[in-house]
Amino acid sequence: MLRIRKAADRGHANHGWLDSRHTFSFGGYRDPAHHNFRTLRVMNEDRVQPSQGFGTHPHRDMEIVTYVLSGELEHKDSMGNGQVLRPGELQRMSAGTGILHSEFNPSATNAAHFYQVWLTPAEKSVEPSYEQRAFDAGDRRGRLQLVASPGGEAGSLDINQDARLYLGGLDAAEGAGGTLWHTLAPGRHAWVQVLRGGVSIATPTHAAQPLAAGDGAALTGEPGLTLALEQPAGGSEAEAAEVLLFDLG
C-alpha cells in the first residue's frame, strides 16, 4: 500500500515568530487519521524568525531528530550541551527520564528552516543523551546515506528505536544520480518525506506518483520503492531534490 500525504493538507500554525507545518497531530492540530505512522510520531517543518526561538521546555521518553535546511539553530539543554546546528548537520536527543532544552535562531537577519522529527522510543526511562553530527552532502548524492540507526551503525546517530533514517540526494547533473532505490525487508515499513525539490515515487505494485517539497508517503506491505527526480514540464532542467527516508519496524 502506498499512501500520499500532501504538503497542503498538513496542519498549520503561524505564531508570527514561528511558522510550522504538521504532518501528524501536534499541539492544537488534531487529526485522528494522521496521528502517527508506526513509531514515527511527529514530522514538523518549522521556520523560526531571526533572534526568536523556543524557550526552555521539557521532554520525556521521545527520540527527537532535528535537521536544518537553512539558517542556524542554537541548542541548550539541562545536560550542559550547547551547540549550534547548521545546514547538513543532524541532532539526536533521547529525552528518556526527562530533559529540559531550548532552541533559538541566533541570526539577527536570517530565518531558520528545519525539520524536527519525533519517534517513540523502543525502551522508556533511559538516561537522556545527545548527539550532533555533520554528514557530507557528497555522500548522499545519488544514493541513500544512513544518518540514524540502532547502535549508530556506520557512523550514524544512535537512536533508541528499530528505525533507520536515510538522507538521499537526487540531481540531474551528469553522473550525479537521478534515481534512488530502497529494498524493504518483509514486515518493514517506510515513510518518505520530500525536503526540497520534486521526485516521483513508485513501488512494484504502484505506478509512479509525483511528490513535491513537503509531501510525504507511507508504504506498508511493499518490497521496496524507487524515487526518481521529477522532470518539470517544458523541458527545463529539474531542480535537485533531497528526501528523508525512514525504514521502520
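The questions and answers below concern a predicted model.

Me: What is the radius of gyration of the protein, and why does it agree with a compact globule?
Reply: The C-alpha atoms fill a box of roughly 50 × 40 × 35 Å along the principal axes. A compact globule of 249 residues would have a radius of gyration near 18 Å, and the protein agrees with this because its own value is 18 Å.

Me: What share of the residues of the protein count as buried?
Reply: A residue is called buried when its relative accessible area is under 20%. Applied to the 249 residues of the protein, that cut-off gives a buried share of 52%.

Me: Which strand gives the most to the lining of the largest cavity?
Reply: The count comes to one cavity of 30 Å³ or more, and about 30 Å³ of space lies in the largest cavity. Its lining consists of Arg 3, Ile 4, Arg 5, His 34 and Trp 191, which divide into two nonpolar, one polar and two charged residues. Three of the lining residues come from the strand that spans residues 2-5, and the strand that gives the most is therefore β1.

Methods: Residues are numbered from 1 along each chain as its sequence is written. This is a predicted model: local features need pLDDT of at least 70, side-chain atom pairs count only at pLDDT 80 or more; totals for chains, interfaces and linings use all residues. Side-chain values use heavy atoms; hydrogens and water are left out. On a 1 Å grid over the protein atoms alone, a cavity is a set of points where a 1.4 Å probe fits but cannot get out, and a pocket is an open set with protein on both sides within 12 Å along at least five of seven lines; lining residues have an atom within 4 Å of a point. Grid points are joined across faces, edges and corners, and a volume is the space filled by probe spheres set on the points. Helices (H or I, at least four residues) and strands (E, at least two) are DSSP runs, numbered from the N terminus. Ala, Val, Leu, Ile, Met, Phe, Trp, Tyr, Cys and Pro count as nonpolar, Asp, Glu, Lys and Arg as charged, and the others, Gly among them, as polar. The radius of gyration is taken over C-alpha atoms; the globule rule is 2.2 Å times the number of residues to the power 0.38. Buried means under 20% relative accessible area, exposed over 50%, partly exposed in between (1.4 Å probe, protein chains only).
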